[in-house]
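Let's take a friendly walk through the inside of this protein, looking at its nonpolar cores and its aromatic rings. Have the viewer open as you read.

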Amino acid sequence: MSAAILTVAPPLPWNVYVRRCTTALPFPFKNGLGKLFARARQGLYEGLLLLRLPRGAKALVPAFHHGSEIEAYVQAGLDLLYYDVGPDLAPDPAELDARLDPSVRVLHVIHYLGFAQDAARWRHWCDLRGIHLVEDAAQGWLGAIDGRPLGTWGTLALFSIYKTVGVPDGGAVVLEGTLLRPTGRHHMGVRGVAVRHGAWFAARSPAVGSLWRRLRRAQAYLAEKDFRLGDPRRGATAPLSILLPRLLASPVAEARARHYRALTAELRAWVPRPFRRDPEGLSPFAFPVFVVDKERAAAGLMRHGVRAVKLWSVPHPSLRVTEFPGAARLRQGTLLLPVHQELRPEDLERIVSAAYATLGPPVPSDP
């Protein structure tokens, strides 16, 4: 079946170069864009080194994770203590306290899909124990709690810019209010920019979508490759300084939240309970649905031109999966659908139709 292709990653519109620039860049760019890391994981690694933690320091990290952030801790020389996710995806204070010892120096908290944790609470919890809070807003850049941007509570905070706007890469990491910079050169990134432009055309034309599907045929997933730290010195794509001010001239977070609400109104029964909240003030990364068979559902959605993401199916190899049933359950059945700002009303209708046709009966995401 020939269909335009809708992706979770935001595409890069063809007319971005003639758009006006925003006059005020959002946090963390109060002093201008400058040079960013290619990936936030690299800035996390550099930030952990700058904390100058003692030998043998440990970090409390979530069992429900991508894996690249965990690899940054491993490469930085920290030992890992995992904690499971609770019903609201927040850490359980009792579980954290049970794992504490004098060598624990860091707590890593993730704003999953851009849905805010109680960052102020966790900063207070860390301050009382004399440890650092790493606030992971990789999926939630442009989101805020009561007007205060995500990432402003952590000793160290990280953002994946390319997950929010249609640029090919870009990771921003803040240490105690200061934006860290890579020491190496940026790269031109022509291919990455072309790919994001291609995704925009593929979302609007069945013919281009069909070609796109052939050219971008999914390769076998390799967790080791996906988690790889890469070169921490490497700068992000050079055109970011041109693209970002133009992409941010329109209300990105508001559009994402609006699309999330529209999909929730139709597909709420499939949404995992922690994500049934209204995204007011937030910038949702994607729309989650929980299914019995991720592979089958993803294949069915693709036949309708909706390219779902199988969320974090493979954890970092250091995790003992069976010890963390909450994380394991979410990995087992969570798929992500698009909510990005380039979607049109007819695209949202197609996502809903594809979901009804392929997801099967709703099943609970909690045991």
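Predicted model: local features only at pLDDT ≥ 70, side-chain atom pairs only at ≥ 80, totals over all residues.

Nonpolar side chains tend to be buried together in soluble globular proteins. Here the largest nonpolar core has 96 residues, and Tyr73, Ile161, Val165, Val167, Phe287 and Leu337 have the most contacts inside it. Helix H12 (residues 345–358) supplies the largest share of this core, five residues. Apart from this core lies another, of 14 residues, including Tyr83, Ala119, Trp122 and Cys126.

Beyond its neighbours within four places in sequence, its contacts include Val8, Leu267, Phe287, Leu301 and Ile351.

## Aromatic pairs

The whole structure holds 12 aromatic pairs. Phe29 and Trp141 form one that is edge-to-face, because their planes are at 80°, with the ring centres 5.9 Å apart. This pair links distant parts of the chain, 112 residues apart: Phe29 lies in the loop between strand S1 and helix H1, Trp141 in the loop between strands S5 and S6. Phe29 is buried at 2% relative accessibility, and Trp141 is buried at 1%.

Phe115 and Tyr260 make a tilted pair, with planes at 55° and centres 5.1 Å apart. Tyr260 belongs to helix H9, 145 residues from Phe115, and both residues are buried. Ring pairs also join these two with Phe275 and Phe287 into a cluster.

Conventions. Residues numbered from 1 in each chain as written. Heavy atoms only, no water. Core = buried A, V, L, I, M, F, W, Y, C linked by side-chain atoms within 4.5 Å. Buried < 20%, exposed > 50% of the residue type's maximum accessible area, 1.4 Å probe, protein only. Helix = DSSP H or I, 4+ residues; strand = E, 2+ residues; numbered from the N terminus. Contact = heavy atoms within 4.5 Å. Phe/Tyr/Trp six-rings, centres within 6.5 Å; stacked < 30°, edge-to-face > 60°.
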